[in-house]
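Some notes on the model follow, as numbered points. They can be read beside the coordinates.

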Amino acid sequence: MTSLQGPTDLLPPAAPLADAVLVAATTLAPQVVAWRRHLHQHPEVAFQEVQTAQFIADTLAVVPGLTVTRPTPTSVVAELRGTLPGPTIAVRADIDALPIQEENDVEYRSTRDGAMHACGHDGHTAIVLGLATLLAAHTAQLPGTVRFIFQHAEELSPGGAEELVQHGVMDGVAQVIGLHLWAPMPVGRIGILAGPAMAAPDNFHCTITGKGGHAAIPHECVDPIAIGAQVVTALQQVVSRTVDPLDPVVLSVTQFIAGTAFNVIPNSAYLAGTVRTFEPALRQSIPAQMERVIRGIAEAFGATVDFHYEHGYRPVVNDRALAERLQAVVARTFDGDTLIDLRPTMGGEDFSAYQQRAPGVFAFVGAGNVGEGIVHPHHHPRFQVDERALDVGLRYLAAATVALLAEH
Ligand code: NI
């Protein structure tokens, strides 16, 4: 679909405040990189971000004009009230790391065994620390309030977002924005989807119980491995034969654990995996379809099944009107080739919890660089970001926040 309007026609002309904030953002860039490297060296996994939250609170404590609160032990919220009247805009950064052993050989690599910022949340935190710092220097011209949400536990369901929403962090918020540094996209690019952006990440696990015994006497056993193998294959048929091919769905079996010896048929097999969808009706119908297939196969061969399905985060669905306004902000703030078309991802994000309370847009900020070997996917032991993406992310959030405040 094309529009007769150019994207920048949707916005009033850039205010002097926007220009001043963008200049300040560039000046702040080395500090943002330093914050990110400190966080990268000291990763903490979901619900354990004690020192991370303390570092955020300490950093914000010296910024004049901020009201800093701690809704949960490992999260931080800061509020900046502008002198001029206006709405409340929330900006969210997730702060948690992953249980991964870092394999990068950089001077600021993780100092903690078995923990690593392998998704870029160190960068998100540093960017929003930068945003709070630079907007606090312009309180006198700020029309409205900005709430900075440093959220714990994005990586582990049930996630920190829903918990913070329950603590009231979205009360009075008119709009909410956030971003993800995105390694599959080159640095210098920004992608903003209008509508569905990220899938609902559900998970399942099941135990198939047969009858163990000697591997040489299979006919006196009920072999859960042979049954489980058929279950794995048949589950792919749930996707390919029972779902409308125009509805995206992923069904991956990611764990198949059974057996201890070459000559023993085990008693049981454990299978687990993930299901990703966008459509609410499909999301609701998939568990029963899976269970019917798993149970049917198991019972046909004399085994029993214990099946559990857990709903994870809701899908991230960007408010269309807000997304178009933020696309216009990018077009006005950055070079002409910055804004790129993007396809939704089947990855999940608990940013969706905030979108239940106010129109929200979650943007992707390119952080990859093939020429410099920054090519590894998120959650990889050698995941990296091109740190120039931090400056892009900060300028995007700064321009977006100022534009949204000014529109009211
Ligand atoms: Ni992430």
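1. A residue counts as buried when its relative accessible area is under 20%. By that cut-off, eight of the 10 residues of strand β12 (residues 268-277) are buried, so β12 is largely enclosed by the rest of the structure. The model is a predicted one, and the points below should be read accordingly.

2. Strand β12 has antiparallel partners in β8 and β10. Strand β8 (residues 200-209) is joined to β12 by 10 bridges, and strand β10 (residues 249-258) by nine. Alanine 269 of β12 takes part in both pairings: isoleucine 208 stands opposite alanine 269, and alanine 269 is also the bridge partner of alanine 258.

3. A separate point concerns an open sheet of seven strands with mixed pairing, in the order β1-β2-β4-β3-β5-β15-β6. Its edges are β1 (66-69) and β6 (190-191); each has a single partner strand, so one side of each is left without a neighbour in the sheet.

4. Within this sheet, strand β3 (residues 84-94) pairs with strand β5 (residues 175-186) in the parallel sense, over four bridges. In one of these pairings, valine 91 has isoleucine 177 of β5 as its bridge partner.

5. Helix α2 (residues 50-61) lies across β1, β2 (76-81) and β4 (143-151). The helix runs at about 20° to β2.

6. Which residues coordinate the nickel ion? The donors are Cys119 through SG, and His121 and His180 through NE2, at 2.1 to 2.3 Å. Their spacing in sequence is C-x1-H-x58-H. Cysteine 119 lies in the loop between β3 and α3 (121-136), and histidine 180 in strand β5, so this pair ties together parts that are 61 residues apart in sequence. Both cysteine 119 and histidine 180 are buried.

7. For the chain as a whole, there are nine helices and 15 strands. The radius of gyration is 24 Å, close to the 22 Å that the globule rule gives for 408 residues, so the chain is as compact as a globular protein of that length. Along the principal axes, the C-alpha trace spans about 80 × 50 × 45 Å.

8. Buried residues make up 54% of the 408 residues. The accessible surface comes to about 17,500 Å², and carbon and sulfur atoms account for 54% of that surface. Of the contacts between residues at least 6 apart in sequence, 81% join residues at least 24 apart.

Definitions and conventions: Residues are numbered from 1 along each chain as its sequence is written. This is a predicted model: local features need pLDDT of at least 70, side-chain atom pairs count only at pLDDT 80 or more; totals for chains, interfaces and linings use all residues. Side-chain values use heavy atoms; hydrogens and water are left out. Two strands pair if DSSP finds at least two bridges between them. Helices (H or I, at least four residues) and strands (E, at least two) are DSSP runs, numbered from the N terminus. Contact means heavy atoms within 4.5 Å. Axes are lines fitted to C-alpha atoms, for helices over the stretch in contact, and angles run from 0 to 180 degrees between N-to-C directions. Donors are N, O and S atoms within 2.8 Å of the metal (3.2 Å for Na, K and Ca); water is not among the atoms, so sites may look incomplete. Buried means under 20% relative accessible area, exposed over 50%, partly exposed in between (1.4 Å probe, protein chains only). The radius of gyration is taken over C-alpha atoms; the globule rule is 2.2 Å times the number of residues to the power 0.38. Accessible areas come from the Shrake-Rupley method with a 1.4 Å probe; for residues, only the protein chains shown count as cover.
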